[in-house]
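The following paragraphs go through a single model, one region at a time. Please keep the sequence and the 3D view open while reading.

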Amino acid sequence: MATISKQYITEKFEEVFGQAPDVVSKSPGRINIIGEHTDYNDGFVLPAAIDKYSYVAVGHRNDDEIHLFSQLFNENLSFNLSEIKALENSWANYILGVVYHIQKNGHQLKGFNMVIDGDVPLGAGVSSSASLESAVAVALDRIFDLGLSKWDMTKIAQTAEHTFAGVKCGIMDQFASVFSKEDKVAKLDCRSLEFEYFPLELGEYTLLLLNTNVKHSLASSAYNDRREACEKAVEIISKDFHDVKSLRDVNSQMLREYLYSDYPELYVKASYVHDENKRVEEVCKALEKGDLETVGLFLYASHEGLSEYYEVSCDELDFLVDEVRQYPEVLGARMMGGGFGGCTLNLLKKSFVPELIAKLKPAYEAKFNLELTPIEVVPSEGGHVL
Ligand code: GLA
């Protein structure tokens with residue numbers, strides 16, 4: 001694959017549309033250190049953008065049409081701005097959703113040509129979709145001088161995902177793609193939307209993603225199911241506790257009293273969310289002290305919760321986490337993102353990376369007949385115009 005850059009996407013745009021683009025933007029995918037499935041429960045998350053991006057080049061047109069070209073799918077599609085609606089399973093939905101919601105928020109758009117490309121691996125749980133939505137919002141904001149704030153862009157991107165991609169996601173991915181800073185992780189309170197950056201000083205350690213290359217087609221419906229289960233748990237508890245608006249507000253006593261015997265399934269799911277929120281706080285404290293051993297232990301605990309209780313893992317992810325436990329050079333690992341495939345996140349000694357890959361790759365590939373793809377990531381800057 002060609003290395004994508006401003007020049008590369010500019011040339012592509014010229015090739016497709018016979019003119020130079022007016023604006024080029026890029027927005028990153030993300031990792032999440034800890035705080036999984038907590039965002040839509042008003043909880044805490046700890047994401048960082050990665051050095052893998054969606055690129056967007058955009059140029060004016062003299063009519064009300066939008067002409068889109070995806071380099072990855074090698075497909076041209078065009079629409080009229082007054083007739084934007086979701087398509088069945090198309091890459092264009094991430095663009096159309098953003099366009100639709102920008103207009104719905106009262107902003108005036110005019111026709112444009114757009115080329116998209118990127119190196120964020122698709123279906124790997126690193127939010128290629130949020131990175132594209134955010135890059136589109138950044139580019140359209142600039143070319144039409146819309147004056148969108150970072151939060152406007154974040155929320156437009158999230159709503160696009162809900163309505164055009166059909167995933168009732170939380171705010172984490174779009175937040176990370178827009179707000180991240182180089183070498184930092186951001187702890188976001190998904191209720192108040194206050195956030196704080198923490199330096200990610202890993203010294204002789206590093207973060208490594210291991211991509212299972214598993215993409216379960218049921219992932220988005222299972223995701224929406226989990227969200228509903230959490231809402232149901234809140235509904236039950238809030239009948240007596242009117243101040244309980246989300247799982248953020250419940251304590252373990254409420255969970256035991258209201259769910260344990262009557263709704264055991266909800267009890268297990270809600271308890272996971274409750275515990276995971278606590279883990280985010282603990283990991284932030286440990287990061288501040290530079291105590292990476294403790295961070296690692298919480299990563300393993302998070303994985304156990306996601307796998308055994310929240311049930312969003314799969315055999316491939318579990319295998320990878322179990323395998324690395326035997327190496328003292330690995331401080332911790334867990335599945336990352338929505339689940340049912342995608343990557344594990346590993347915190348390990350930099351010097352051990354080649355050896356770990358050499359050991360795991362053949363074992364994984366022999367067992368699952370799937371490739372194992374290591375991805376090294378660097379915490380990076382959020383979306384911007386190039
Ligand atoms: C997906 C969603 C996020 C978040 C994670 C799980 O990435 O888009 O909002 O819920 O899953 O933490």
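Leu72 counts as partly exposed, because its relative accessibility is 45%; buried means under 20% relative accessible area, exposed over 50%, and partly exposed in between, with a 1.4 Å probe and protein chains only. The model is a predicted one, in which local features need pLDDT of at least 70, side-chain atom pairs count only at pLDDT 80 or more, and totals for chains, interfaces and linings use all residues. Residues are numbered from 1 along each chain as its sequence is written, and side-chain values use heavy atoms, with hydrogens and water left out.

Leu72 sits in the loop between strand S4 (65-70) and strand S5 (75-80). Helices (H or I, at least four residues) and strands (E, at least two) are DSSP runs, numbered from the N terminus. Together with Phe73 and Leu122, Leu72 forms a nonpolar surface patch with about 280 Å² of accessible area. Patches are made of residues with over 30% relative accessible area and no salt bridge, joining like charges within 9 Å and nonpolar side chains (Val, Leu, Ile, Met, Phe, Trp, Tyr) within 5 Å. A salt bridge here is a side-chain nitrogen of Lys or Arg within 4 Å of a carboxyl oxygen of Asp or Glu. The areas come from the Shrake-Rupley method with a 1.4 Å probe, and for residues only the protein chains shown count as cover.

Strand S1 (residues 23-32) is largely enclosed by the rest of the structure, because 10 of its 10 residues are buried. S1 runs antiparallel to strand S3 (residues 47-60), and 9 bridges join the two; two strands pair if DSSP finds at least two bridges between them. Ser27 has Ser54 as its bridge partner in S3. S1 is also joined by 2 bridges to strand S13 (residues 384-385), again antiparallel, with Val385 as the partner of Ser25.

A further sheet is open and has 3 strands in the order S2-S7-S8, paired antiparallel. Strand S2 (44-45) and strand S8 (195-199) stand at its edges with a single partner strand each, so one side of each has no neighbour in the sheet. Strand S7 (residues 184-189) is connected to S8 by 5 bridges, and Lys187 stands opposite Glu196 in S8.

Helix H6 (residues 219-238) contains Cys230. H6 has 20 residues and reaches 29 Å from its first C-alpha to its last, close to the 28 Å expected at 1.5 Å a residue; that expected span is 1.5 Å times one less than the number of residues. The buried residues of H6, among them Tyr223, Arg226 and Arg227, pack against helix H4 (150-165), helix H7 (252-260) and helix H8 (264-289). Cys230 is buried as well, because its relative accessible area is 3%. Beyond its neighbours within four places in sequence, Cys230 is in contact with Tyr40, Asn41, Leu247, Val273 and Tyr310, where contact means heavy atoms within 4.5 Å.

Two loop residues remain. Glu311, between helix H9 (292-309) and helix H10 (315-324), has a phi near 55°, a positive value in a residue other than glycine. Phe340, between strand S10 (330-335) and strand S11 (341-349), has a positive phi near 60° and is likewise not glycine. Glu311 is partly exposed, with a relative accessible area of 40%, whereas Phe340 counts as buried at 13% relative accessibility.
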